[in-house]
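This briefing covers strands, a cavity, salt bridges and backbone angles. Please look at the sequence and the structure first.

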Amino acid sequence: MKQLQSMLARRHTRLMLALLAPGAACWLQSLVWDQIQPRIWFFFYPAVFTSIVLGGLRAGVAATLLSGGLAVWFFMEPRYSLKLSHLPDGLGLLEFLLMGIGVSWWSDRQDRRWALLLQTQRERADYASRFQVLFEQAPVGVALIDSVDGRILELNARFAEIAGRSLAEMRALDWMRITHPDDVQEDLDNMARLNAGEIARFQQEKRYLKPDGSLAWVGMTVAPVKVAEGERLRHLCMVEDITEIRLQLEALAQAREQLAQEKSEQRLRLATEAAGAGIWCWDIATDRFDWSPLCRQHLALPPDATPGYAHFLSVLHPDDRAATDQLVRDALQQHQDYVTEYRIVQPDGGYRWIRAMGRGIFGAAGQATAMLGITLDITQRKQNELNLIASERRFRDLFEYMPIAYQSLDREGRWLDANQKLADLLGIEKPQELLGQNFVDYWADTFRDQFETKFEEFKRTHGVEGRLFLCRADGRPIIVQITGRIQCDNEGRFLCTHSILLDVTEREALEQQIMKMNLDLEQKVAERTDQLKTALEAKGLFLASMSHEIRTPMSAVLGIAQLLEEEPLPEEAKGMVRRMRAAGHSLLTILNDILDFSKIEAGELAIERRPFKLEEMLHQIDSLMGGSARERGLELWVDDRTNLNGRLRGDALRLEQVLLNLVSNAVKFTHVGGVTLRVKPLEVLADQVRLRFEVEDTGIGMLPEQVAGLFQAYRQADGSIARRFGGTGLGLTISKQLVELMGGAIGVDSEAGKGSTFWVELPFGRMEDIPLPETTPHPTDSPSLDGLRVLVADDAQLNRFVAEKALTKRGAKVTLAVDGQAALEHLRGHPADFDLVLMDVQMPVMNGLEAARRIRRELQLTRLPIIALTAGVMAEEQQAALGAGMTDFMAKPMDLNQLSDMIRRHCPSASPET
């Protein structure tokens, strides 16, 4: 059969058969012509078509032409009635020829198509054969896997070899049965992404589990394929055995790890020993421990001992053995680390607290092979913890039973903690009943709406202090004093509050009573103060009035005495006049002391700070008191040890008043010897100095109890002193108050029969040596007022007489006026006839102040000097005189020489009439 197909496949054979077929048909038809004559083409047509099929296009055309020729040759007359001249016969023959050519062309096309199909089939068979050889002989494992159920549809021998199974076994399994369980999920995730179209293929390394339990590492590549149209998606899987590579890499990594571990162990040993940690390793298979020296010390083991696990458990405290053993076994079974604390029994019977940490080392099959760990000696920490627990217990006892209410609140204001005192404060039996409740529930109803605002402010400011109005559980209102602070964590977040509360209800009621009493007392004090102020004002007015009334006649007495002293009288008469003047001055001193004391008591005495020169003031004291001392047969020495260049700033007038008082007293109480005024520096700085003034006498001295009574108003060392030496006892009191007003101190050192030393310490400012305003020096004799025209206005006739006599004696021309109105009329009628006016302040009809104002305002005599003669020595009286327009003032009783000096100072350019 194959030989026949091979012969027919040859082109020449087919052409020969195509040409013989029509001839054979014609020959056969001629043999049976008589029988088939009506069917002339019965054999002819099949023969032609057979030639066409066998010969192809060219053979078919040739057969058709040959058949036509044979037909004409065989079937021409006389044999056949066909005639070419007949048109129907010719058309029939032409139709036959065209049909034969068309059939030949169609047959050729079909032949070519079948030939191409046969060639494709042959090529496919050849490709399948080559693919099968490549599939079977590939050096990597190849398999075709169903994407739905994971069945292995096709695989080569290499795939089965890598998996460690036969081809038959592999075809009966799916891929998950041969994959290591730990790698299955990764495969499933990758295939799900592959089926969803998220990736075109994937590669991964995985493990195949062989029947003998060993593992094969493979590098796998998976891609989706479709074998035929309409079939399910399949996965083409190619795997390469990389077990050896993995083993080599693991060996290399292990070698590196071992090297690093050796270095790490050295560093770890150094670090742990520095940190006080011991290291141990337990080989479970041999039950052998490897202890570091510090670990042996922790566990109280001998240096050369190698005990096992049982011995380790034996050194533990009996109460800790079972728990520690169970913890180690659980860690090995569950592949977990463990951390525990246990006690080690020491040889002396004591025990040491150890904190231990351990980690198991496991083989490839998961079995435990060893365990590593460290130990830390925490005995001191445990002792501290026990001490802390004891301290907390003591604190808790103190907290529970302390007499002050305590509470702790959370961020919502609910109680976290409270003591029994707080429960008692709120009328609760036990503090546990408060836990979880809100603090606001115990606030008074009228204040509950303020709780949230107050509590938020408490948390924001981290503290609170104040009073709260609460309501106890029994309904009784109470007032508590609260002091609290908040507690925060390390990051500053709010944790809770801590507060203490103190019941101040009774104290609040008592304070209200005290406040009411204070208000009543303040009202009474205010009323009493008003009364006292009125009394002081009345006292001041009385003293001012008395001073004026006393000074007015005294001025006349002293003035007349001074005039008499200037007259040429017998020596005995002059002595009497001097005694009269001394008595008058004593009376004046008493009066001045009373006025100064009154000013100091009323707080009206002001201390002035002006530049002055210390040596000049000391010289003035020597001049004033030297004569009195010599009259009593005493000496007065002034000893200045300051050596200060420049001037001081302070109240020189008050200082002089204090020193004069002390020197005067020393002279008064000294019979033999003398008085020394000594000045020495205590502290000298660039801008200030502190000086000590000492007045030392050789007088009668004082007993200690007499010294204690000094510097008090109206008191003297001895009651008989007022009778023996005179005085009111106000001088030292005023001196003490003046010294304290100037910022200093005063005292006395005395011994009865040996004299006394009064001392004063005062601060002064220092100044450059600048010149002070100089006054025109005058001789001690009566100053000359030659040619000056003076108008004297005084309502006291005796005072007018004294002024006229004194001024006339000194060369002045005097005009007298009985009051301010008379003086104003004199000046209005003769404004140019006077160089100066002496004006008493208190006069009837028109006082001196009003007269001065009219002289300045109505008469416009603004340049005329007006000197006030006033018995009022109060500062406000003197200020009133200057405010009314007066030029200067002189207090009564006046010294006639000082009056002449003042007149000359205000009229320096006046000249006598010619």
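Buried means under 20% relative accessible area, exposed over 50%, and partly exposed in between (1.4 Å probe, protein chains only). Helices (H or I, at least four residues) and strands (E, at least two) are DSSP runs, numbered from the N terminus. The model is predicted: local features need pLDDT of at least 70, side-chain atom pairs count only at pLDDT 80 or more, and totals for chains, interfaces and linings use all residues. Residues are numbered from 1 along each chain as its sequence is written, and side-chain values use heavy atoms, with hydrogens and water left out.

- β6 and β7 pair in the antiparallel sense over four bridges; two strands pair if DSSP finds at least two bridges between them.
- Trp282 stands opposite Phe289 of β7.
- Four residues lie between the strands of this hairpin, and Asp287 takes a positive phi near 50 degrees there.
- Asp287 sits in the loop between β6 and β7 and is partly exposed, with a relative accessible area of 34%.

**The largest cavity**

- A cavity is a set of points, on a 1 Å grid over the protein atoms alone, where a 1.4 Å probe fits but cannot get out; lining residues have an atom within 4 Å of a point.
- Grid points are joined across faces, edges and corners, and a volume is the space filled by probe spheres set on the points.
- The count comes to three cavities of 30 Å³ or more, and the largest cavity holds about 80 Å³ of space.
- Residues that line the largest cavity include Trp280, Trp282, Phe289, Trp291, Tyr309, Tyr338, Met371 and Thr375.
- At least two lining residues come from each of β6 (277–283), β7 (288–291), α12 (309–314), β8 (338–345) and β10 (368–377).
- By class, this lining has 11 nonpolar residues, one polar residue and no charged residues.
- In this classification Ala, Val, Leu, Ile, Met, Phe, Trp, Tyr, Cys and Pro count as nonpolar, Asp, Glu, Lys and Arg as charged, and the others, Gly among them, as polar.

**The five-stranded sheet**

- Five strands form an open sheet in the order β12-β11-β15-β14-β13, with antiparallel pairing.
- β12 (415–418) and β13 are the edge strands, each pairing on one side only.
- The twist averages 25 degrees from one strand to the next; axes are lines fitted to C-alpha atoms, for helices over the stretch in contact, and angles run from 0 to 180 degrees between N-to-C directions.
- β13 and β14 (residues 477–488) run antiparallel and are joined by nine bridges.
- Gln481 in β14 is the bridge partner of Arg467.

**Salt bridges**

- A search of the whole structure finds 41 salt bridges, each being a side-chain nitrogen of Lys or Arg within 4 Å of a carboxyl oxygen of Asp or Glu.
- Glu508 forms a salt bridge with Arg467, and their closest N and O atoms are 1.6 Å apart.
- Because Glu508 lies in helix α17 (residues 505–566) and Arg467 in strand β13 (residues 463–471), the pair ties together parts that are 41 residues apart in sequence.
- Glu508 counts as buried at 15% relative accessibility, whereas Arg467 is partly exposed at 31%.
- Arg467 also forms a salt bridge with Glu511, the closest N and O atoms being 3.3 Å apart.
- Glu511 lies in helix α17 and Arg467 in strand β13, so this pair ties together parts that are 44 residues apart in sequence.
- Glu511 is partly exposed, with a relative accessible area of 29%.
- Glu761 forms a salt bridge with Arg692, with 2.7 Å between the closest N and O atoms.
- Glu761 lies in strand β22 (residues 755–767) and Arg692 in strand β20 (residues 688–697), so the pair ties together parts that are 69 residues apart in sequence.
- Glu761 is buried at 17% relative accessible area, and Arg692 counts as buried at 14%.
- Salt bridges that share partners join Asp639, Arg641, Arg678, Lys680, Arg690, Arg692, Glu694, Glu696 and Glu761 into one network.

**Another positive phi**

- Most residues other than glycine have a negative phi.
- Val845 is not a glycine, yet has a positive phi of about 65 degrees.
- Val845 is in the loop between β25 (836–840) and α26 (848–857) and is exposed, with a relative accessible area of 71%.

How values were computed
1 Å grid on protein atoms, 1.4 Å probe; cavity = no way out; pocket = protein on both sides within 12 Å on 5 of 7 lines; lining within 4 Å.
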